[in-house]
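Open the structure in your viewer and keep the selection tool at hand. This tour moves from stop to stop, saying what to select and what is there.

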Amino acid sequence: MKIVMLGAPGAGKGTQAKMIASKYGIPHISTGDIFRANIKEGTELGKKAKAFMDQGALVPDELTLELIMDRFKQADCANGYVLDGFPRTIPQAEALTKALSDEGGKLDYAINVEVPDENIVNRMSGRRACLSCGGTYHVVFNAPKKEGVCDACGGELVLRDDDKPETVAKRLDVYHTQTQPLIDYYAGQGILKEVDGTKEVAEVFGDITAILDK
Ligand code: AP5
Ligand code: MG
Ligand code: ZN
């Protein structure tokens, strides 16, 4: 099963993608998590990506595509994956469609998690992220068992550098101009599914599994 998660920053793509990955036994691939891991390790890629991410801008398509095409070659992708944060521009979506069709494949679902901008800033300020495994928590809505510690891997939970209110506003702008057009792109391919992301985490997941299990 090959799934793309769509939605604004903070809509809950990562939260739901992790749950999908564990229920269906496919890898969760988040370009944002991969960039953050590279920043943490101080790699060349990380240095390049950080400059864009801290501004709330997108990392250039070229860099992102190189990284993701490389990731697809790993053995765990054989039975599919859930993509979170990729594609994010029309050129990225077209490159993915082409890469898949070159090997006779295609995406099965593009799931758009809908949350209005008004709800987003609240979620971001309370978010805590694990830089080791990409786990995502919220101090109120989705708290870890032990404060500051990742339930899944025991890693340290931090406030992301790009979750400052000014940067969140910029990311929302970038989302509306560059990423939202993907909703029509996937509607045109007949694979778009929409879920209401303002519901509780477990309810949103129930709506998604109802689609995937059909
Ligand atoms: P990325 O890491 O992908 O960030 P994003 O798209 O901005 O999305 P977020 O991770 O902020 O939100 P999310 O939808 O995953 O929400 P979450 O589940 O955490 O990208 C970061 C940056 O990297 C980009 O700005 C760009 O610079 C670069 N980048 C990445 N991919 C790229 C690409 N393909 N091309 C170019 N550049 C790229 O949830 C948010 C919070 O809400 C959490 O605290 C969570 O616990 C809580 N929450 C979740 N669901 C609910 C719910 N139902 N009710 C209440 N709270 C909830
Ligand atoms: Mg995320
Ligand atoms: Zn972790």
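Which residue in β3 is the bridge partner of S30? Select S30 and look across to β3: the partner is D84. Keep in mind throughout that this is a predicted model.

**Stop 1: strand β3 and its neighbours**

Stay with D84. M5 also has D84 as its bridge partner in β3. Now widen the selection to strand β1, residues 2-6. β1 and β3 run parallel and are joined by 4 bridges.

Show the side chains of β3, residues 81-84. Y81 and L83 point one way, while V82 and D84 point the other way. All of these are buried. In a regular strand, side chains alternate between the two faces of the sheet.

**Stop 2: two salt bridges**

Select helix α3, residues 44-53. Pick out E44 and K47, which form a salt bridge with their closest N and O atoms 3.7 Å apart. Why are these two separated by about one helical turn? Because they are 3 residues apart in helix α3. E44 is exposed, at 54% relative accessibility. K47 is exposed too, with a relative accessible area of 53%.

Move on to D70 and K73. Their side chains also meet in a salt bridge, at 3.8 Å from N to O. Are they exposed or partly exposed? D70 counts as partly exposed, at 47% relative accessibility. K73 counts as exposed, at 68%. Across the whole structure, a search finds 13 salt bridges.

**Stop 3: the zinc site**

Select ligand 3, the zinc ion. Which residues coordinate the zinc ion? Show C130, C133, C150 and C153: each gives its SG atom, at 2.3 to 2.4 Å. The 4 donor atoms subtend angles of 99 to 115 degrees, so the arrangement is tetrahedral. Along the sequence, the donor residues follow the spacing C-x2-C-x16-C-x2-C.

Now hide all but C130 and C150. C130 lies in strand β5, residues 127-130, and C150 in the loop between β6 and β7, so the pair ties together parts that are 20 residues apart in sequence. Are C130 and C150 buried or exposed? Both are buried.

**Stop 4: the sheet around β5**

Colour β5, β6 (136-138) and β7 (157-158). These 3 strands form an open sheet in the order β6-β5-β7, with antiparallel pairing. The edge strands are β6 and β7, since each pairs on one side only.

Take the β6 side of the sheet. β5 and β6 pair over 3 bridges in the antiparallel sense. R128 stands opposite Y137 in β6. R127 has H138 as its bridge partner in that strand. Follow the chain from β5 to β6: the two form a hairpin with 5 residues between them. Stop at G134 in the turn, which has a positive phi of about 80 degrees.

Turn to the other side. β5 and β7 run antiparallel and are joined by 2 bridges. Which residue in β7 is the bridge partner of C130? It is L157.

**Stop 5: a nonpolar patch**

Switch to a surface view and select V139, V140 and F141. They make a nonpolar surface patch of about 320 Å². F141 sits in the loop between β6 and β7. F141 is exposed, with a relative accessible area of 55%.

**Stop 6: a salt-bridge network**

Select R127, R160, D162, D163 and R171. These residues are linked in a network of salt bridges. Zoom in on R160 and D162, whose closest N and O atoms are 3.0 Å apart. Are R160 and D162 buried or exposed? Both are buried. Side chains of opposite charge can pair when their charged atoms come close.

**Last stop: S125 and D163**

S125 is found in helix α6, residues 117-125, and is partly exposed, at 44% relative accessible area. S125 and D163 are 38 residues apart along the chain, yet their C-alpha atoms are separated by 6.4 Å.

Notes:
Residues numbered from 1 in each chain as written. Chains lettered and ligands numbered in written order. Predicted model: local features only at pLDDT ≥ 70, side-chain atom pairs only at ≥ 80, totals over all residues. Heavy atoms only, no water. Donors = N, O, S within 2.8 Å, 3.2 Å for Na, K, Ca; no water. Tetrahedral: all angles 85-135°; square planar, octahedral: opposite > 155°, others 65-115°. Buried < 20%, exposed > 50% of the residue type's maximum accessible area, 1.4 Å probe, protein only. Pairing = 2+ DSSP bridges. Patch = residues over 30% accessible without salt bridge, like charges linked within 9 Å, V, L, I, M, F, W, Y side chains within 5 Å. Areas by Shrake-Rupley, 256 points an atom, 1.4 Å probe, with all protein chains shown as cover. Salt bridge = Lys/Arg side-chain N within 4 Å of Asp/Glu carboxyl O.
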